[in-house]
Amino acid sequence: MTPPVLLLGALVAYPLLYNVSLAFRNYRTGEFVGVHNFARAFADPAFFASLRATAIYVTAALAVEIGLGLALALLVHRTIRSGWARTLIYLLFIVPMVTPPVAAGVIARLIYTPTYGVLNAVLRALGGAGDTLWLSRGDTAMFAVVSVDVWQWMPFVFLVCFAGLQSVPQDAVEAALVDGAGGWQLFRLIEFPYLSSLLLLVLIFRFTDTFRVFDHVLVLTGGGPGATTEFLSVYLYRIAFKFFNLSYAAALSLFVLIVASAAFAVLGRFLGREVAQ
Amino acid sequence: MRRRWWIWPVIAVLLVTSGALAAPGLPAKPAKLTMAVVAGGETKGLKAILPLWEKEMGVKIDLVEFPYPTLYEKLVTAFQANAPTFDLLIADDPWMPKFGSEGWLVPLDSTFGYRRDADIFPVVYDLGSWPPPRGPIPPGEAGKPRRLYAITLVGNVEFFMYRKDLVSAPRTWDDVVANARKVHDPRKPLYGFVIRGAKGNPVISEFTPVLLSFGARIFDNNWRVVLNSKQAVDALTFFAKTLKQYAPPGVENYDAAERAREVATGRAAQGFIWPAEITDIVENPSVSKVVGKMGYTLAPAGPGGKHAPLMGNWLLAIPKGSRNQRWAYEFILWATSARIQQPYALGGGIPFRKSVLMNAEMNKKFPFFRAMADSLNAPAEWRPRTQEWFAVEAILGTHVNAALAGLETPEEAITKAAREIESHMKEAGYYR
């Protein structure tokens, strides 16, 4: 093996093996405790609450990001022909992606604050009550943290889909139109086959990202109110750096790794089939 | 006897070249002292006095600044390796149980013969002592000789603020409610009381003085959880229902910045406050509309008449790994001396000496000093002296926040928190 491979192996393997070792030990005494830390997770209601919150977050964020990103890509692809307008859209869509998640969280805090926040002010200006306590209720707090993810990463979906749409052969589109295909048929029968493998790729990236979301949530809600937005990563942080129970945190982090890897494997298999076709 | 006339020039030359003339009994001057500090307003006063120290003593001090959580990690890492990375540090007082029980700091009394000063509030010495002089002592620590490991540099303590142009100084929580009722008018908007209610440390800093003033406790003297009590439920009901009805909407997510903003913009009439928020925001004419309109007083008393201001001092200490311990001690003596506390305070520092906090001239300039003195002088209430405090705070902070948001009733929140804290303490080996 070449030295870079060895180095990379050491950098990845050592922390992973140390984490595995920690997960099977009592971090205070160092004694081997078998699967105790894993079994503990199954008797921990806070763990299941965080798992449930994570599932809601991942589902909502992925559905909105992929649905909206794809719809916008189609809209721009079909309606905007001007080169400079398209460039302007690219630039605008890159801004959220390069914004640090912590900064995005701080901005969102200013938007969602009920008294002097921008959102309620806009709602009042539009004639609404504008008195929603966005970060004080479980459902609206969940909406707020998902919205930040959507704002930051829907543009990624847009850019990938938009690039994919450029690869659809124009003659196939024209032939379909001549045959009387409508917008939906055009998408389903001509454009979608060109996008499906890209969408799977997007799904893999966004799933792993949303599953371990952390920064903006910590800034925006801190996992609250109560534990309603305490996602797995936030719960894991609490166990590791508030409770200092490094063994239990290691076991939970292995769980996250296993779930993310399994999802990656399943989606990767689909992707492989798509590419082969 | 033959006179050794040549000895005096030789001694003089040796002294001059060794640079040891700084003070009698001190080792040679080090090139510099390295000090780990938290990044933020807490070090404003320290930065103001450092040029004085360097001018007087001729020893440079390098400040290495870290954000709050990083500082703790860096210190623990350096201590575990017994590395000579830092000669001095400032530590948040809840870190003392960890640092004290691990024996990572140099005792100031038994090593250097530090003598207590009547000008310093006893609570300052209590905070820097290990094992703790009051309350429960962690398992295995009770038999250790009590030593003084640290002395306060930043006399942080939580007290109460109110709009003195609108209401009178509250002595009790009943007074606070009466004041709130008098001025509360969301249409203006003017809110009677602002709560720092965000999950975790923010809401616990706010709720603990209420909880303790109602006579509740989290632990008994054997670390058994006694939180699940009528007093605790009453305190949380008062906090999450009575006080909240006078608070701005959305306080479940308010941290210190939001609280200070509500007060500084004239939208809130009463609330808790820490000194740094006063100098940085509330009494800062460039950002505040209420300069000169605020009064400051001791944390209000509960039904039994008990005031429970929360301590949050930053303490100066010397790590055992330091190679310049004697000079580091000299700096501690100098920085905490009555002579230096005045320029320290004038430079934006938060002092802790009686002579400075009770000085009439200083009180004109810093109208909150008297409230600070009263708070430091009140029967000391501190966060339980255990390494597990951060876990306790995270558990209690989740449920108190849930109660504030209406997701749990006060009874549910207290019951769940007590159960989870007890389970955590068991796991941490405090009892079976």
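Mentor: Begin with a rule. A polar contact is a pair of N or O atoms within 3.5 Å; within protein, one must be able to donate a hydrogen and the other to accept it, and residues adjacent in sequence count only if both atoms are side-chain atoms. Across the interface of chain B and chain A, this rule finds 15 residue pairs in polar contact, both at pLDDT 80 or more. Helix 10 (256-264), helix 17 (389-404) and helix 18 (410-427) of chain B each supply at least two residues of the side that touches chain A. Helix 17 of chain B gives the most to that side, with 7 residues. Helices here are DSSP runs (H or I, at least four residues), and strands are too (E, at least two), numbered from the N terminus.

Trainee: What kind of model is this, and how are residues and chains labelled?

Mentor: This is a predicted model: local features need pLDDT of at least 70, side-chain atom pairs count only at pLDDT 80 or more, and totals for chains, interfaces and linings use all residues. Residues are numbered from 1 along each chain as its sequence is written, chains are lettered from A and ligands numbered from 1 in the order in which they are written, and side-chain values use heavy atoms, with hydrogens and water left out.

Trainee: How many residues of chain B are in contact with chain A, and what area is buried between them?

Mentor: The size of an interface is often given as the accessible area lost when the parts come together. Here that loss (1.4 Å probe) is summed over both parts. The area buried between chain B and chain A is about 2,100 Å², and carbon and sulfur atoms give 51% of it. B:K199, B:N253 and B:E427 supply 26% of the area that chain B buries against chain A, more than any other three residues. By contact (heavy atoms within 4.5 Å), 28 residues of chain B meet 25 residues of chain A.

Trainee: Which residue forms a salt bridge with B:E427?

Mentor: Side chains of opposite charge can pair when their charged atoms come close. The rule wants a side-chain nitrogen of Lys or Arg within 4 Å of a carboxyl oxygen of Asp or Glu. A:R40 pairs with B:E427, the closest N and O atoms being 2.5 Å apart. The count between chain B and chain A is 3 salt bridges. Over all chains it comes to 33.

Trainee: Is B:D185 buried or exposed?

Mentor: Buried means under 20% relative accessible area, exposed over 50%, partly exposed in between (1.4 Å probe, protein chains only). B:D185 counts as buried because its relative accessibility is 17%. Its salt-bridge partner is B:R187, with the closest N and O atoms 3.2 Å apart. B:R187 is exposed, at 77%.

Trainee: Where do B:D234 and B:K230 lie?

Mentor: Both are in helix 9 (residues 230-243) of chain B, 4 residues apart, about one turn of the helix. B:D234 is partly exposed at 30%, whereas B:K230 is exposed at 60%.

Trainee: What does B:Q341 touch?

Mentor: B:Q341 sits in helix 13 (residues 338-346) of chain B. It counts as buried, since its relative accessibility is 0%. Not counting residues up to four places away in sequence, B:Q341 touches B:A335, B:T336, B:P351, B:F352, B:R353 and B:V356.

Conventions: Buried area = accessible area lost by both parts, 1.4 Å probe.
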